[in-house]
2 protein chains.
Amino acid sequence: MTMNTPTTTHSKNLNKYTLNPYFRELSFYISLPVYVRVSEIEKELQSGVKKPFKKLYKSIIGDCHAMGQIPITFIRQVLSIVTYPELLRSCEMPEDVKSRAKDLLMACAGHSIGAYTAPFGMEMVRKHCAQYITKRDEGLPSDWTNIILGNGATSCIKSILHLLQCEVNSKRSGVMIPVPQYPLYQAALKEFNLHQINYYLDESSNWSLEVTELDRALLESKKVSYPRAIVIINPGNPTGQVLTRKNMEEIVKFAHVNNLIILADEVYQQNIYDDNSEFISFKRVIMEMGLPYSEIELVSFMSCSKGYMGECGIRGGFIEIVNMDPFVKNMYMEVVSSLLCPNVMGQIVLDLVCNPPEKGEPSYDQFILEKSKILNTFKEKARLVKETFDSIEGISCNPVQGAMYAFPQIHFPPKFIDEAKKQSREPDDLYTVRLVDETGICVSPGSLFGQQSGTYHFRNTILHQTDDLKEMLYIFKTFHENFIKIYS
Amino acid sequence: MTMNTPTTTHSKNLNKYTLNPYFRELSFYISLPVYVRVSEIEKELQSGVKKPFKKLYKSIIGDCHAMGQIPITFIRQVLSIVTYPELLRSCEMPEDVKSRAKDLLMACAGHSIGAYTAPFGMEMVRKHCAQYITKRDEGLPSDWTNIILGNGATSCIKSILHLLQCEVNSKRSGVMIPVPQYPLYQAALKEFNLHQINYYLDESSNWSLEVTELDRALLESKKVSYPRAIVIINPGNPTGQVLTRKNMEEIVKFAHVNNLIILADEVYQQNIYDDNSEFISFKRVIMEMGLPYSEIELVSFMSCSKGYMGECGIRGGFIEIVNMDPFVKNMYMEVVSSLLCPNVMGQIVLDLVCNPPEKGEPSYDQFILEKSKILNTFKEKARLVKETFDSIEGISCNPVQGAMYAFPQIHFPPKFIDEAKKQSREPDDLYTVRLVDETGICVSPGSLFGQQSGTYHFRNTILHQTDDLKEMLYIFKTFHENFIKIYS
């Protein structure tokens, strides 16, 4: 963290030599060539520049509403009343919506969502989250005082990783993360000076986690770091796999033997499409395995941005901490409390997701209809995307069992790989820029998420409206078949 | 950051020896004796325990809505429509409210507040913030690309301080902060391992900043740190002072000579009560001073939690960065982008605050009426609080020229100071606990904000409803007069 370059030769106090050194090498994704190109094309289209396509098919971010998904009526009606309580007098609002809004307002200081809440969030909301977890885990208890609300799962994840920024036995702390993985983890580890311990998911076995690979990664890392935690994303992002209980038990044993904290990114817990898969929480697995596993330190992350509701812009998330040292928990609360409180609208959406309308209530039927329509469409699109990619020469795609993405592998012709290398570019990076330039289809290159050396992938969301998705897949197929012809 | 205590003797991976060392010594305010007591009393009152008072007078946090302030109708109507656009058909919503809501929805991806925005916030909102600044600064231009939105001013402040976590010339970076100051700064400096350089405000000269004191503080700090920035809170929290232009120019010259970044906490810019004071932004001062001062690195913080709107729970804030190194700005965007985007409701409230109804629009009259009523009441209460405290024997209080607090000094009888010392307690800390125990009045002890050694203060908000405030001040006066009698 020392930087001896004299700053007196630089006109600015804050410059690249005096910036937090862990920030200097961040490259999350804003500067990714394909994303830069997407912004340029967007502006070109707006200003009337002629293109070989009429619109962009943005398949980059897991952002449901941006792709035309309609918000859940129940959630939005409650939000409108809590923001403007005059609407309690409206005869167009269902009675259960009004009663929810009233309860939430009563739980706010001064009966206003404009008041601060407790730093970990409103007690009522935390209790509803705990109830949701108990129901999800088939009756296993959840203590509401272990629920901590935040401005989205991302900020929760970052705040937990920040706790680990510490040298232990004169070594940097290390955190195991899957490859491929959602790039937030790479970025956050850099930001907090944590050593990144890559473990590779096994693509040939539907992106499963092999304990031999975990052992290899951990052993290698011990030379340079003190391992603290293992991140598991289940359902997988970008991979779309759903872990089996057997695989989870192996991971738990591995974590126990190595005294690692399990950081379970379970934000896609409501997004399961495969008939033979089910979401099982790590909390449930450790508790059902019993001692000594039930004493493992575990943090699970949940969000209101995913699932069927897709309320990304609201920024609501929560964590459940299990078996955390009480001193650490207190200090964590001190850190969190300096931010005063998570935004109240995010807290309220989480409340409604954890405590949805019940059978017999006026909003129930419509709520179930909207929710199941969204999840059924996701399921159909998950199948459609996998099958289409798999049917294209030179592309193979594992099933999208859950989450919101496919992560197909592209087998590039050697001629194209050579061309990319001549340009000092990653082949998948070059490919995605070509793709958007010629077709308007934007996907994320595999190198953003990490991949086995010599393999190439891209991540594609399944969130387009169905007709758009079909159109996009057709255009993609045509592009790729032509691409293969050119380079064969 | 090294911690050699072997962790193997501790059952938890994450324990007090392996926690981020900068977090270990945090003591923000959750654990402050008076706040702990307030929570206990709240529960006792709820469960029917008899007390010498019937209710708590919470005078701790600048939380307007919690104190019964009614939200601004215009803001809340727009929020209700953007959350539930069906309300566009309501005939009870004014036309300008509908048109604002439509514009905002058009600016959201998929026309939904549930979609992510750009990491620095929506372009439209950032442009409105820049327009607001231009108007506030009497025409001085503001570049919207220098406006960055966040989840409240607090998270903006923390993210800027985090940029400075760096050793320069083998020394820790140091940041100058006022004493007394809003305790966020102390906590954030600890969290990011920044050296805290205290400069004392001059209570005898209405909490002004004396350059001789700045020089003293800086010189002293240079032995152990490399000074990077100076934080100025104007209007002052907890002090309530409003800086004069002359004083600001002195500070600017000081910052220039010492190549310091100015971090201007200007969240109370709309809260000015003194007829002879006006809010002048540091941006305006440096620009009007011209070269070389107009090239100083400056970050200004603004919030939707203060002003007349007091929307704390929404968590909206923005910063204007001036003269920031482009490399640093890019890296800052990378860090910010890992959090995806600030919550959209916060962005929208900022949009409305920066772009309020204009004369001739249907909502204008009511908006002005509500806004001026709130600000006029604040003004009246600022005077009332100052005069009442000043009239009490053993208490002196500077004028509350702005912000939301009075910070009176209490001259404790030596007998009480001895008693506190015998209990190893700070006298102001002990006093505030006594006060709440006997009267239900909760104020914050001066030691939380820092104060000159041997002086004692407390911070009291001016946010109670007027009748409540009068009642509270009467009870306080009686308590204090009795207290003085006992200890004289």
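This is a predicted model: local features need pLDDT of at least 70, side-chain atom pairs count only at pLDDT 80 or more; totals for chains, interfaces and linings use all residues.
Biologist: By what rotation can chain A be laid on chain B, and what kind of axis is that?
Modeller: Two copies of a chain are related by a rotation about an axis and a shift along it. Copies are superposed by least squares on the C-alpha atoms of residues with pLDDT of at least 70 in both. Chain A goes onto chain B with an RMSD of 0.0 Å, by a turn of 180° and a shift of 0.0 Å along the axis. That is the relation of a two-fold axis.

Biologist: Which residue of chain A comes closest to the rotation axis?
Modeller: The distance is taken at the C-alpha, and is 2.1 Å. The residue is Ser80(A).

Biologist: What percentage of the interface residues of chain A are also interface residues in chain B?
Modeller: Contact means heavy atoms within 4.5 Å. The copies meet through the same surface, because the share of interface residues of chain A that are also interface residues in chain B is 100%.

Biologist: Is Asn343(B) buried or exposed?
Modeller: Asn343(B) is found in the loop between helix H10 (326-337) and helix H11 (344-354) of chain B; helices (H or I, at least four residues) and strands (E, at least two) are DSSP runs, numbered from the N terminus. Buried means under 20% relative accessible area, exposed over 50% and partly exposed in between (1.4 Å probe, protein chains only). Because its relative accessibility is 1%, Asn343(B) counts as buried.

Biologist: Which backbone oxygen lies 2.8 Å from a polar atom of the side chain of Asn343(B)?
Modeller: Leaving aside neighbours within four places in sequence, Asn343(B) has contacts in both chains, including Asn343(A), Arg315(A) and Asn151(B). Ile314(B) and Arg315(B) are also among them. The backbone oxygen in question belongs to Arg315(B).

Biologist: At what angle do the axes of H4(B) and H11(B) cross?
Modeller: Axes are lines fitted to C-alpha atoms, for helices over the stretch in contact, and angles run from 0 to 180 degrees between N-to-C directions. Met124(B), Val125(B), His128(B), Cys129(B) and Tyr132(B) of H4(B) meet Gln347(B), Asp351(B), Val353(B) and Cys354(B) of H11(B). The axes of helix H4 (residues 123-136) of chain B and H11(B) come within 8 Å, and the crossing angle is roughly 35°.

Biologist: Where does Asn193(A) lie, and which side chain does its own side chain join in a polar contact of 3.0 Å?
Modeller: Asn193(A) sits in the loop between helix H6 (184-191) and strand E5 (195-200) of chain A, and counts as buried because its relative accessibility is 17%. Beyond its neighbours within four places in sequence, Asn193(A) is in contact with Tyr22(A), Gln165(A) and Arg172(A). A polar contact is a pair of N or O atoms within 3.5 Å; within protein, one must be able to donate a hydrogen and the other to accept it, and residues adjacent in sequence count only if both atoms are side-chain atoms. The partner at 3.0 Å is Arg172(A).

Biologist: What is the length of the polar contact between the side chains of Gln241(A) and Thr239(A)?
Modeller: Gln241(A) lies in the loop between E6 and H8 of chain A and is buried, with a relative accessible area of 3%. Setting aside neighbours within four places in sequence, its contacts include Trp207(A), Pro235(A) and Gln401(A). The polar contact with Thr239(A) is 2.4 Å.

Biologist: Which residue is joined to Pro235(A) by a cis peptide bond?
Modeller: Pro235(A) lies in the loop between strand E6 (225-233) and helix H8 (245-257) of chain A. Omega of the bond is near -10°.

Biologist: What is phi of His111(B)?
Modeller: His111(B) lies in the loop between helix H3 (95-107) and H4 of chain B. His111(B) is partly exposed, with a relative accessible area of 46%. Phi is positive in this residue other than glycine, near 55°.

Key. Residues are numbered from 1 along each chain as its sequence is written. Chains are lettered from A and ligands numbered from 1 in the order in which they are written. Side-chain values use heavy atoms; hydrogens and water are left out.
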